[in-house]
Amino acid sequence: MKYAHQSQFIDGQWRKPERDQTITVISPTDERPIASVAAASPSDVDAAVAAAGRALRAPEWAGLAPEDRADLLNRLADELQANTADRAALTTLQNGMPIRLATSAEGQVPVKLLRYYASLARTTQIEERRPRVGGTGTTMVRREPVGVVGMIVPWNFPQALTMFKLAPALAAGCTVVLKPAPETSLDAFALAAAAERAGVPAGVLNVVAGGADIGAYLVDHPGVHKIAFTGSTAAGREIGAKCGRLLRPVTLELGGKSAAIVLDDADLMTTVQGLASSALLNNGQACYLSTRILAPRRRHDEIVEALAAMASELTVGDPMEPETRIGPLVSSRQRERVESYIAQGKADGATLATGGGRPNREKGWFVEPTVFGDVDNSSRIAREEIFGPVLAVIPYEGVDEAVAIANDSEYGLGGTVWTSDHGKGLDIARRVETGSIGVNFYALDVGAPFGGVKSSGIGRELGPEGLAQYFQLKSIYMHG
Ligand code: NAD
């Protein structure tokens, strides 16, 4: 076992949990145990929430001016930046993300987010005076931190998705109890250690490891003021229902089944090379991927063929190797799930153009990049989120039908339009019911809101809109 992590991070201290339960992290690449992580008990969560509640009001935190908080965010960014390579490797070790992607998405993005929200903390107006409408006097509108935030994150981009939440929460003056996914807790503790070194006051960031039970306990906790969740739609529905009952603000970033609309005039090579990342990034384990490829019927075969050639040429292998494009899936359970969808696609009569099996490796939860052609949008592989390297090409007649198929989905998170006419691409992007969409590429912008419509979620992260989720507003009416 490479790592043994025995404590939780609560109130600025490393504490042994109250009960004796451990989470074993298994390497997705060689199936060997890599870490034993002590799991928190409900009483540890109680202690973490209490510490976050005290820190919220403590002068060391509540007394900081926004500029001081910005300095602290930048110090945390410096700490993380100094460990970019190690943190990237930690993600790859735990979830099988190709190391080149991990270096940017997990190593660099959290640093970028901290610096971006540090700059917003400096410029966001905390108190604003407005003249009363239709009367004398003024009203002061104040932005106050929403309070103690419970953050629950998944394993697919653990460090980036944590920072989508943590950076704006700290910029707003909130305090945090973070529960990472059991598959990826090591990086959350590495973050806590970095926060300690950066001088983040005790209780401002607390980390408790555990599974869905500990997550559910945190969601219900009376000392929590807001929940920020990224994960599956099923868990999101449960969390949303609980928060509704508790009248607790909640942001939910959930699943997706986004469409790539390939127009008649799209350049084949640009489209297919672009889809190698927009549709297959992180071994197909990203929520916004364009996994339904909508192809004009007359170009269907040509597009399927080119996608199959691209997918079969992607280097599948050890995710620690820089040339690897497709690593293993995160767990054997995830591989079973993906393989059951591949079997379903075949049973439903879709044409398997490439992949469908396991690559020739002795160990690891690998699945070959897989492309299906002639897929009907009503079939399960077109409707349900697979979360693996499996693409479904769906033929369409005319742009209106393409938009209708794109919108005929329970989800609405990402999407792409591929065309040599930028203006036309933009027109179509406007018509797709989704929270984000790219023309001829797809890449999140830290400065612009990200989130879903329909079953893909509620609320937005990133941009100033992401910061607004961590403020509550108070109006102070002043006579005269
Ligand atoms: P999951 O929902 O099972 O788990 C996510 C996190 O929630 C984990 O920390 C887990 O322990 C916790 N959890 C699970 N059930 C819970 C409950 N009832 N109450 C409280 N906490 C609970 O998801 P997963 O399978 O680990 O992650 C993959 C899913 O996440 C995919 O469906 C994917 O689409 C989604 N995802 C969405 C986004 C986005 O931004 N929209 C980003 C990444 C992943």
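Start with the lining of the largest pocket: by class, 19 of its residues are nonpolar, nine polar and 11 charged. (Ala, Val, Leu, Ile, Met, Phe, Trp, Tyr, Cys and Pro count as nonpolar, Asp, Glu, Lys and Arg as charged, and the others, Gly among them, as polar.) You're looking at a predicted model, where local features need pLDDT of at least 70, side-chain atom pairs count only at pLDDT 80 or more, and totals for chains, interfaces and linings use all residues. Residues are numbered from 1 along each chain as its sequence is written, and side-chain values use heavy atoms, with hydrogens and water left out.

This pocket has a volume of about 950 Å³. Select Trp155, Phe229, Gly231, Ser232 and Ala235, the closest to its centre among the 39 lining residues. (A pocket here is an open set of points on a 1 Å grid over the protein atoms alone, where a 1.4 Å probe fits, with protein on both sides within 12 Å along at least five of seven lines; lining residues have an atom within 4 Å of a point. The volume is the space filled by probe spheres set on the points, which are joined across faces, edges and corners.)

Next, colour helix H8 (212-220), strand E11 (226-230), helix H9 (233-246) and helix H12 (332-347), which each give two or more residues to that lining. H9 has the largest share, six residues. (Helices, H or I of at least four residues, and strands, E of at least two, are DSSP runs numbered from the N terminus.)

Now move to the second largest pocket, about 470 Å³ in volume. Pick Ala105, Val109, Leu281, Tyr288 and Leu444, which lie nearest its centre out of 20 lining residues. Of that lining, 16 residues are nonpolar, three polar and one charged. Helix H5 (99-123) makes the largest contribution, with five residues. Where does this pocket lie? Domain 1 (3-254 + 455-478) and domain 2 (259-445) both give residues to its lining, so it lies between them. (Those bounds come from an automatic or database domain assignment.)

Last stop: the ligand. A ligand nitrogen is 3.4 Å from a polar backbone atom of Glu253.

Key: A polar contact is a pair of N or O atoms within 3.5 Å; within protein, one must be able to donate a hydrogen and the other to accept it, and residues adjacent in sequence count only if both atoms are side-chain atoms.
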